[in-house]
Amino acid sequence: MKVVSGISSQEFGARLARKLGLELLEIEYKTFPDNEQYLRLKEETNEEVIVVQSITSDKDFVTLLLLLDALKGKEVITVIPYFGYARQDKKFKGGEPISSRALIEALDNKTEMVITIDVHDARINSFFDKTKFKNLTAFKVISKKLEKKDNQLVVAPDEGAINYAEILAGELGCEYDYLEKDRKTGTEIELEPKDLDVDQKEVIIVDDLVSTGGTMSEAIKVLKKQGAEEIKVAVTHPVFAQNALQKIYSAGADEVISTDTIETSISNVSATDPVAEEIK
Ligand code: R5P
């Protein structure tokens, strides 16, 4: 078995290859003057190949399609640590595409298996017809970055992220909750932890990703107002568009923990372990 690291997952691919004791295949990448991408596998192989490429942009997706085409006819496992476009998983308004389905249909049948990590909704599984799909979680490795404390509590910013809170709290041996909208008056809505009191607590807020930082900074402000002593943010995918990181720290976060599914300066945990365990 060999590993191919796409451009967006150079470190992830290299770490995964090292953990599995496998060789990385060298790829030549260049961009034509008209901006089209070119790539070439510098060596051919008849072995099974693990392709690793996060989809953080349209360009990353084209790179992935080109890699899979260059490997056509081989057995391929495709690891997509961050699967972008996954949030548009249904038609919210008439005339919209189901973007995650569009990407999956382009990948289906080009690889034996697709592995993702904390994908926005694992039910995108149903869009695959011929390809096996496995979604893994990074919250067990994220838990190793956190010191266990007696006054700890894990909170999801909404009910949709409760499964991440449950996994992390299970690892830390603490309680978990989510923020729900509490209608104070006809027009006034407040966010509040559903059941638990956060006063004097170290609160770890979890989500699959931070994009604009709107969801997370709102959650931080609410929890601060309710007396949380310390706030840590733990998300799998550090999308952090524009000034999202600044927004989160300005709202009162003390620490941000995130993984290398997207390779950024705040990717302080590697999510390669669950993938290596799945492939072994
Ligand atoms: C939403 O469903 C996701 O889990 C995140 O909560 C959301 O996408 C974060 O986006 P933003 O940072 O722009 O609020």
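**Chatting through the cores and the fold**

Q: Hi! Which residues does Leu16 touch, leaving out those up to four places away in sequence?
A: In this predicted model, Leu16 touches Ile50, Val52, Val79, Thr272, Val275, Ala276 and Ile279, once residues up to four places away in sequence are set aside.

Q: Nice. And which residues touch the most other members of the largest nonpolar core?
A: Leu16, Val79, Val154, Leu168 and Val206 do, in a core of 37 residues.

Q: Which helix gives the most to this core?
A: That would be helix 5, residues 162-172, which supplies 5 residues.

Q: What does the second core include?
A: The second core is separate and has 27 residues, among them Phe61, Leu67, Ala86 and Phe128. As a general point, nonpolar side chains tend to be buried together in soluble globular proteins.

Q: OK, zooming out: how many helices and strands are in the protein chain?
A: There are 8 helices and 14 strands. The radius of gyration is 20 Å, close to the 19 Å from the globule rule for 280 residues, so the chain is as compact as a globular protein of that length.

Q: What does the C-alpha trace span along its principal axes?
A: About 60 × 45 × 35 Å.

Q: And what share of the residues is buried?
A: Buried residues are 49% of the 280 in the chain.

Q: Switching to charges, how far apart are the mean positions of the positive and negative ones?
A: They are 2 Å apart, for 36 positive and 51 negative charges.

Definitions and conventions:
Residues are numbered from 1 along each chain as its sequence is written. This is a predicted model: local features need pLDDT of at least 70, side-chain atom pairs count only at pLDDT 80 or more; totals for chains, interfaces and linings use all residues. Side-chain values use heavy atoms; hydrogens and water are left out. Helices (H or I, at least four residues) and strands (E, at least two) are DSSP runs, numbered from the N terminus. The radius of gyration is taken over C-alpha atoms; the globule rule is 2.2 Å times the number of residues to the power 0.38. Buried means under 20% relative accessible area, exposed over 50%, partly exposed in between (1.4 Å probe, protein chains only). Lys and Arg count as positive and Asp and Glu as negative; His and the chain ends are not counted. The place of a charge is taken as NZ of Lys, CZ of Arg, CG of Asp or CD of Glu. A nonpolar core is a set of buried Ala, Val, Leu, Ile, Met, Phe, Trp, Tyr and Cys residues joined through side-chain atoms within 4.5 Å. Contact means heavy atoms within 4.5 Å.
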